Amino acid sequence: MLSMIIAIANQKGGVAKTTSTLALGGLRAQQGSCLAIDLDPQGNLTTGLGVNVTDDQLTAYEVITEQAEALDAVIKTKSGLDLLPADISLAKGETELLSKVGNFYILKERLEPAQSHYQHILIDCPPSLGLLTVNALAAADRLLIPVQCQFFALKGLEALLDTIQSVKKRLNPNLQILGVLPTMAEKNTVMTQDVLSTLKNQLEAIKIFDPVPKSVKFAESNLAGEPIHQYAGEWRLVQPYRSVIQAIQSES
Ligand SMILES: Nc1ncnc2c1ncn2[C@@H]1O[C@H](COP(=O)(O)OP(=O)(O)OP(=O)(O)O)[C@@H](O)[C@H]1O
Ligand SMILES: [Mg+2]
């Protein structure tokens, strides 16, 4: 069996892509084999899992520039989740990819050896629609789009949906949207209700998952290098992520 690859993407910054990858990866690693890929030169997924990239550690940079095999760069983290780490060198890697033939498919190709090792592979994308994100979309079977419950939340979503359509048409007909995950929802505020109803009205064909509540526990769990279900264990914080896992499993 080959892995199901799930990209977590939205070119808007700070919408909880990394937090969601950590939460989902932590839950998946409890039950099966899961690899999380940090595809963001900010390296927030890597630090969020308590990993400090040393000079001799292989990273996503060496993998996409064909200096290392993906499986040789994988780190086992204490949460049980495997990590392909990244640091700022990945920014240089994205530039180096520009001159490569077939550069939309490099990540897909480089992940092939890992695909028989994991049930699920999660890719945490950077906040842009650049070459790294397009590589993630070209490799992915499913896409999860976290959207922050904030004014202007839907701004930019159209550009993302256009990119997804182009990727489906030209690069990866297999790509499907798993759903939109509203994040940082504040109970009973007009803003959150407004965002949720707009999402439901405007994205009729797309599944909108239960919203993830706003809570400082997410930032704290990042600092502690622990997935949210271990750090907080509060049902209301973890349940939306469990629903996403169920949706993934029902399609596996
Ligand atoms: N449900 C939540 N409630 C409150 N804060 C949250 C929640 N989810 C994420 N955050 C916080 O919001 C900030 C942005 O989250 P995160 O880094 O996951 O977003 P991102 O989309 O990966 O950002 P970037 O685009 O920079 O990669 C972080 O400080 C994180 O701790
Ligand atoms: Mg991030």
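This is a predicted model: local features need pLDDT of at least 70, side-chain atom pairs count only at pLDDT 80 or more; totals for chains, interfaces and linings use all residues.
**Ligand 1, who is around it.** I looked up the neighbours first. I found 18 residues around ligand 1, and Lys-17, Thr-18, Thr-19, Pro-213 and Ser-215 come nearest. By class I get eight nonpolar, six polar and four charged residues in that shell. Helices α1 (17–31) and α10 (217–224) each supply at least two shell residues, and α1 gives the most, with three.

**Ligand 1, polar contacts.** I went through a few pairs. A polar side-chain atom of Lys-17 is 2.8 Å from an oxygen atom of the ligand. Another ligand oxygen entry: a polar backbone atom of Gly-14 lies 3.0 Å from an oxygen atom of ligand 1. For Ser-215, I have a backbone N or O atom 2.8 Å from a nitrogen atom of ligand 1. On its own, ligand 1 has 630 Å² of accessible area, and the protein covers 81% of that.

**Largest pocket.** I checked where the ligand is, and ligand 1 sits in this pocket. I noted a volume of about 360 Å³. Its lining runs to 23 residues, with Gly-14, Val-15, Ala-16, Thr-19 and Met-184 closest to the centre. Both α1 and α10 put at least two residues into this lining. I sorted the lining into eleven nonpolar, nine polar and three charged residues.

**Second largest pocket.** I have about 240 Å³ of space here. There are 15 lining residues, and Ala-185, Lys-187, Pro-211, Pro-213 and Arg-236 lie nearest the centre. Helices α9 (190–202) and α12 (235–251) give two or more residues each to the lining, with α12 giving the most, four. I logged seven nonpolar, three polar and five charged residues for this lining.

Key
Residues are numbered from 1 along each chain as its sequence is written. Chains are lettered from A and ligands numbered from 1 in the order in which they are written. Side-chain values use heavy atoms; hydrogens and water are left out. A residue is near a molecule or strand if one of its heavy atoms lies within 4 Å of it. A polar contact is a pair of N or O atoms within 3.5 Å; within protein, one must be able to donate a hydrogen and the other to accept it, and residues adjacent in sequence count only if both atoms are side-chain atoms. Accessible areas come from the Shrake-Rupley method with a 1.4 Å probe; for residues, only the protein chains shown count as cover. On a 1 Å grid over the protein atoms alone, a cavity is a set of points where a 1.4 Å probe fits but cannot get out, and a pocket is an open set with protein on both sides within 12 Å along at least five of seven lines; lining residues have an atom within 4 Å of a point. A molecule sits in a cavity or pocket if more than half of its atoms lie within 2 Å of its grid points. Ala, Val, Leu, Ile, Met, Phe, Trp, Tyr, Cys and Pro count as nonpolar, Asp, Glu, Lys and Arg as charged, and the others, Gly among them, as polar. Grid points are joined across faces, edges and corners, and a volume is the space filled by probe spheres set on the points.
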